[in-house]
Amino acid sequence: MAPVKLPCDLEEEILSRLPPLSLVRSRTVCQHWNSLLHDNKSFLNKHLALVRPQFIFLTESKAYSINIDLHTGGTDPTVEVHEVPSDFPYQAIDLTHTTITSCDGFLFRHFWKQGVAFWNPWLRQVVWIEYVDKSFHFCGVGYDYDSNVPEKRYKILGYLNCLRDVSDTYQVSYKRVAIYECSSRALKFLDAPFKNWPTMDPLSLNGNLYWVTSNLETHECFIRSFDFSSETFKTFCLLPCQKNHSRDQLVLAVYKRDGFSLLKQCYVTGEISVWVTKEKIDAAEVVWINLMTLPTSNLPKLINKLCGISYFIFEKTLIMCCGNEETGAANIYIVREDMCKKIQIGYEIVRFSHCVYLPNFISVPSEFRSLPV
């Protein structure tokens, strides 16, 4: 019997629902399938719309992704762990200062006092960004637009620890804020209108960085942002809730790709409340909705999680990943009003990233391809 040729739209519909690793392998089947992953933005956007967020974590030698499928009803979730291709040109000299973050569907891994790897694991592309000044501290990645340039211009926000002479015998330390322009490989210094630097890795969304901070005098908590186009710091919005105890935890995450969620854990009771933005973050006014308050049983205290805390919200379910401080293993918590399930992943973790939407099947931008690896 001769093989049946499926209509192109049906074929693309099936391919768009494949998991990332299977989709990458399918490129070798035929030229048409390969072109879908490289040139068809409509297909790529459709696939990305169906992809759930994933957790990325590092061990001492490798990187892994965690994919969680709640299935219908979510009573028996499936957790899949896959090694993420990560052929880095260097080994980290200090894993405690390792940072992994995402921007625009790409991954970035900071190697302390070495540089940053610009990383597309699905296309097995890694390029190396190396600073001239090795003391540059990585904070986050974003981009700006130029109408005369067809591609986004990626930049890295960070700082240098410096000393200022107060007298002949006394010096004080301060942070000198700078952005590293990846295309020109130039470091540009900026004035920062604040002293308290982010204690958690900022989120990169729509090219800008966002993080939770507080007013040192009033202790009021809010979201601060850095706009890479105007190269300015801004107060983005107040938080929908404040700390009642100095050790309460406030964790920001991306919600439905273009909004924010805020997780608050009360240090005294362990109770977790989750808030989400009603509209996209580029709306004129930020409106928060109290999505859910969760029971405290079997949930860990989130303070002082050295490996980081990562979570996302899916259909009024909290999926959270953090490390066990005693064993070093990664734990997944799946929590809603009628369920609290803990799943332990048998890997000793070094660092979690923010929850990321992967994969990105777009090649590494041209400005990075000329950088030496």
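**Figure 1. Confidence of the predicted model along the protein**. The mean pLDDT of the protein is 80, and 87% of the residues score at least 70. Confidence is highest in strand β18 (residues 272-277), with a mean of 94. The lowest value belongs to helix α5 (residues 366-369), where the mean is 57.

**Figure 2. The largest nonpolar core, with L318 among its members**. This core has 20 residues. Those that touch the most other members are L263, I272, M292, Y311, I313, L318 and M320. Two or more residues come from each of the strands β16 (249-255), β18, β19 (288-294), β20 (309-314), β21 (317-323) and β22 (329-336). Strand β18 is also where the confidence of the model is highest. With neighbours within four places in sequence left aside, L318 is in contact with L263, I272, M292, L294, Y311, F312, I313, Y333, I334 and V335.

**Figure 3. Another nonpolar core, apart from the largest one**.

**Figure 4. The stacked aromatic pair of F57 and Y64**. The count for the model comes to 14 aromatic pairs. F57 has a relative accessible area of 0% and is buried. Y64 has a relative accessibility of 11%, so Y64 also counts as buried.

**Figure 5. The edge-to-face aromatic pair of Y210 and F260**. Here the centre-to-centre distance is 5.0 Å, and the angle between the planes is 70°. Y210 lies in strand β13 (residues 208-214) and F260 in strand β17 (residues 259-265). The two residues are 50 residues apart, and their pair links distant parts of the chain. Y210 counts as buried, at 7% relative accessibility. F260 is buried as well, at 0%.

**Figure 6. An aromatic cluster of phenylalanine and tyrosine residues**. The rings shown are those of F106, F108, F118, Y143 and Y154, which form one cluster.

**Figure 7. Charged side chains over the rings of Y174 and Y267**. The charged end of R164 sits over the Y174 ring, at 4.0 Å from the ring centre. Over the ring of Y267 sits the charged end of K301, 4.7 Å from the centre of that ring.

Terms used: Residues numbered from 1 in each chain as written. Heavy atoms only, no water. Phe/Tyr/Trp six-rings, centres within 6.5 Å; stacked < 30°, edge-to-face > 60°. Buried < 20%, exposed > 50% of the residue type's maximum accessible area, 1.4 Å probe, protein only. Helix = DSSP H or I, 4+ residues; strand = E, 2+ residues; numbered from the N terminus. Lys NZ or Arg CZ within 6 Å of the ring centre and 35° of its normal. pLDDT = per-residue confidence, 0-100. Core = buried A, V, L, I, M, F, W, Y, C linked by side-chain atoms within 4.5 Å. Contact = heavy atoms within 4.5 Å.
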